[in-house]
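Please read these notes with the sequence and the model open beside you.

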Amino acid sequence: MADRQGIDVSRWQGDINWGKVAKAKDFAIIRCTSGKSNALDSKYPANIKGATAQGLPVGVYRYGYATTVAAAKAEAAAVLDAIDGYDMPCGVWYDVEDASQRKLKGATLTAIIKAFCEAITAGGYQAGIYCNQDWYDNVLDTDALAEYPFWIARYGSNDGKMHTKPKIDGELWGWQYTSRGKVSGISGNVDLDVMYAGFANGAETGGGSSSTTTSKPSNGSGVQVDSTPTDYAQSFAKSYAGQYTTTADLHLRAGAGTSKRSITVLPEGTAVRCYGYYTKQADGTVWLYVVATVGGVKYTGFCSRHYLKKA
């Protein structure tokens, strides 16, 4: 099987036309959470929905800031919350390049990376490590981390083209070869990647041998996530993030407002989770963008804040 060409993106790419991207690329890796607060990347909901709606194999990454094992586990927990309900055939990646982590002693950094990756693996996903060639050569204890695949950044002159391929001791999962790529559907620059043939089956099917990137069943129980198209939330506020319960039988809608189509009815007492995304109508009514499970099926949509009680 041939090597695969892909991209990795975050909020810095702005609004993406995933229909165009899917015609040009074979996979996408999306930043899901960011910052020391573990907030969702502001474009993650649109990007994960847009890419998967086009049938594009996806993975996610999280830039690491943790300087303790406890913090690494918290970072992993936020990632698992964000990807719950999605297959990750291209893996879940811990991005190690921050100066705060480089200052750590080797054993401490290894323990932090392992804590993150072990939590991701326990959640049913393939974990991997993203770093540049310098970190691989001079910072990481790669022997202690050999059980995890590596995705390596090495740009050369960084002119949008491939130059010197990364060199690692084991098999290379993928190469991020430029940050100045151009792809139809994205304004401005974007990172370009190649995934190597030995791993490509995992991205095509979401499965394979232990050496390929594997994925979690849609919501951990094998029940497929509802794919009803919904609007995107317009704003983010960390204060809205958290667990809620419905205070009445409540319509989950495809957009903010009673005029929007009802996806399902959430019985009174149903648990829902909001990751901080919401839409405020002209009259000031706040509609939260939430995730909820009804009858074994996971749904995403909008609920009026008025009928939700913080758990």
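1. Two rings of Phe, Tyr or Trp (for Trp, its six-membered ring) count as a pair if their centres lie within 6.5 Å; planes under 30 degrees apart are stacked, over 60 edge-to-face, and the rest tilted. By that rule the structure holds 12 aromatic pairs. One of them is tryptophan 93 with tryptophan 151, an edge-to-face pair with 5.6 Å centre to centre and 70 degrees between the planes.

2. A word on the source. This is a predicted model, in which local features need pLDDT of at least 70 and side-chain atom pairs count only at pLDDT 80 or more, while totals for chains, interfaces and linings use all residues. Residues are numbered from 1 along each chain as its sequence is written, and side-chain values use heavy atoms, with hydrogens and water left out.

3. What parts of the chain does the pair of tryptophan 93 and tryptophan 151 link? Tryptophan 93 is in strand S5 (residues 92-95) and tryptophan 151 in strand S7 (residues 150-153), distant parts of the chain, 58 residues apart. Helices (H or I, at least four residues) and strands (E, at least two) are DSSP runs, numbered from the N terminus. Both tryptophan 93 and tryptophan 151 are buried, where buried means under 20% relative accessible area, exposed over 50%, and partly exposed in between (1.4 Å probe, protein chains only).

4. Tryptophan 93 also pairs with tryptophan 173: the ring centres are 4.6 Å apart and the planes stand at 55 degrees, so this pair is tilted. Because tryptophan 93 lies in strand S5 and tryptophan 173 in strand S8 (residues 172-181), the pair ties together parts that are 80 residues apart in sequence. Tryptophan 173 is buried, as is tryptophan 93. Phe27, Tyr61, Trp93, Tyr130, Trp151 and Trp173 form one aromatic cluster.

5. Charges also sit over rings, meaning that NZ of Lys or CZ of Arg is within 6 Å of the ring centre and within 35 degrees of the ring normal. The charged end of arginine 11 is over the ring of tryptophan 12, 3.9 Å from its centre. Lysine 165 lies over the face of tyrosine 196, at 4.1 Å from the ring centre.

6. Is lysine 238 buried or exposed? Lysine 238 counts as exposed because its relative accessibility is 56%. Its place is the loop between strand S10 (235-236) and strand S11 (242-246).

7. For the whole chain, there are seven helices and 17 strands. Buried residues make up 51% of the 311 residues.
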